[in-house]
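Hello,

Here is the structure I promised to pass on.

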Amino acid sequence: MDRRIHGVATLLFSLLIFLSGLPFLAFSDSPNLRLSVASSSGQINSNSVLVALLDSHYTELAELVEKAMLLQTLEDTVGAHNITIFAPRNEALERDLDPEFKRFLLEPGNLKSLQSLLMFHIIPTRIGSQALPTQTGSTRHETLSKSEFIRLANNGTGEWTVDRAKIIHPDVVSRPDGVIHGIERLLVPRSVQDDFNRRRSLQSITAVKPEGAPEVDPRTHRLKKPAPPVKPGSPPLLPIYDAMAPGPSLAPAPAPGPGGPHHHFNGEAQVKDFIQTLLHYGGYNEMADILVNLTSLATEMGRLVSEGYVLTVLAPNDEAMAKLTTDQLSEPGAPEQIMYYHLIPEYQTEESMYNTVRRFGKVRYDTLRLPHKVVAQEADGSVKFGQGDGSAYLFDPDIYTDGRISVQGIDGVLFPPEEEEKPVTRTVQPAKVVVKQRRGKLLEAACRMLGTFGQDSRFAACH
């Protein structure tokens, strides 16, 4: 009997709780409450731009978003803002992307770099094709990546670019909470590129035990005696000019060190990194083409960096390189000589060069084109190289800096000042003057006496 009463009481108590919850369930039919419940549960609408991204043909980007564990973060962002996604095509991530860079992104220890790279493609604002710039110019927009901005520009021909990458499919996906634009290549923020370069440099330094450079005779390029132990990373004994290849058609000069099978640094990888950075940065394709295809300077620069030398590259942009004439490039060895004048055998950054010219005024930097030097001075809050019409300004500072190679973008091609022609001194020979010999008074009197007798013609002195 007690058990029945206890069971009835329990049933009545449950019924009261159910009836008391009916007002709450009725109130939950309001749209605002449904949105908050859906967002707190982590579910998104099937018509969301994120669902469209995962179901679109941008499969490579969708896989990277899942591997970076950004779905929850993007769901929270979509719940608070409309977003704009710049999605690179699959070929840009499969075939065009550097395999080493892709391997770097997929390593577990580099998850933050992968997240920063993907968030760099998203703007917390809806920017459809109608809101893109209609006139020549650019606008700056903050991305979901911390302290990273991208530029949307119109080149005047009806084409839009985002950080110099063409928007090939505007408004390819449009949803109430966002829009997706298709772009031609992957956008790489400066922070991720620096992390990749720093990781590569640290691996090449720490993976190989440094060895001391032997002592070399600069005249014969031969070892004089085994070098004593030196500290790792000490500068080479041989000047960089003696270590350079004698000419484009000759074999490279003997390496100054180190003498073992390993080098201090992996120069080839570092040169490849900075050329890849030029291509990713955009606007320096001609410079990269000259270094790799038109000349063998990339190989020589890699060898010099492997031997412990440092270089600063003054890289003219594509607009400056397009002004070069055929005559300037057609002569044998002309591309090499032009590039040698843009290579400084020092490690300089934009800050170090600007501080130097601010303190000392004009500064002359040695170049690999002996004996010419490039003049740098402060102008308009920047660094100006060269003089007169052939000058160039520091346009894109610190495109690449890894401690061994520094690349500074300039807006002109530099040429050394022409050597003054020495005046030709002509020696004028004095004209020969025939002086008629004068006759003495006695001889003249004798000639007159002979003339009276008609005998003066017999003596030559009387003529």
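This is a predicted model: local features need pLDDT of at least 70, side-chain atom pairs count only at pLDDT 80 or more; totals for chains, interfaces and linings use all residues.

**Confidence first**

Residues are numbered from 1 along each chain as its sequence is written, and side-chain values use heavy atoms, with hydrogens and water left out.

The chain has an average pLDDT of 77, and 71% of the residues score at least 70. Residues 1–13 have pLDDT below 50, and that stretch makes zero contacts in the model beyond near neighbours in sequence.

**The chain as a whole**

There are 19 helices and 16 strands; these are DSSP runs numbered from the N terminus, with helices being H or I of at least four residues and strands being E of at least two. Of the 463 residues in the chain, 40% are buried. Here buried means under 20% relative accessible area, exposed over 50%, and partly exposed in between (1.4 Å probe, protein chains only). Among contacts with a separation of 6 or more, 64% are between residues 24 or more positions apart.

**The sheet**

Seven strands make an open sheet of mixed pairing, in the order E11-E10-E16-E15-E14-E13-E12. Strand E11 (343–344) and strand E12 (363–366) are at the edges with a single partner strand each, so one side of each has no neighbour in the sheet. Two strands pair if DSSP finds at least two bridges between them; strand E13 (residues 373–379) and strand E14 (residues 382–385) do so in the antiparallel sense over four bridges. Glu378 has Val383 in E14 as its bridge partner.

Some backbone details belong to this region too. In the loop between E12 and E13 you will find Pro371, and the peptide bond from Leu370 to Pro371 is cis, with omega near -5 degrees. Asp380, in the loop between E13 and E14, has a positive phi near 55 degrees and is exposed at 72% relative accessible area. Asp398, in strand E15, also has a positive phi, of about 50 degrees, and counts as partly exposed at 23%.

**Rings and a buried loop residue**

How many aromatic pairs does the count come to? The count is five, where rings of Phe, Tyr and Trp (its six-membered ring) pair if their centres lie within 6.5 Å, and planes under 30 degrees apart are stacked, over 60 edge-to-face and the rest tilted. Phe274 and Tyr400 have ring centres 6.1 Å apart and planes at 50 degrees, so this pair is tilted. Because Phe274 lies in helix H12 (residues 267–281) and Tyr400 in strand E15 (residues 392–401), the pair ties together parts 126 residues apart in sequence. Both Phe274 and Tyr400 are buried. Elsewhere, ring pairs link Phe101, Phe104 and Phe196 into a cluster.

Finally, Asn317 sits in the loop between E10 and helix H15 (318–321) and is buried, at 8% relative accessible area. Leaving aside residues up to four places away in sequence, Asn317 touches Gly283, Tyr284, Phe395, Ile410 and Asp411.

Best wishes

Notes
pLDDT is the predictor's confidence in each residue, from 0 to 100. Contact means heavy atoms within 4.5 Å.
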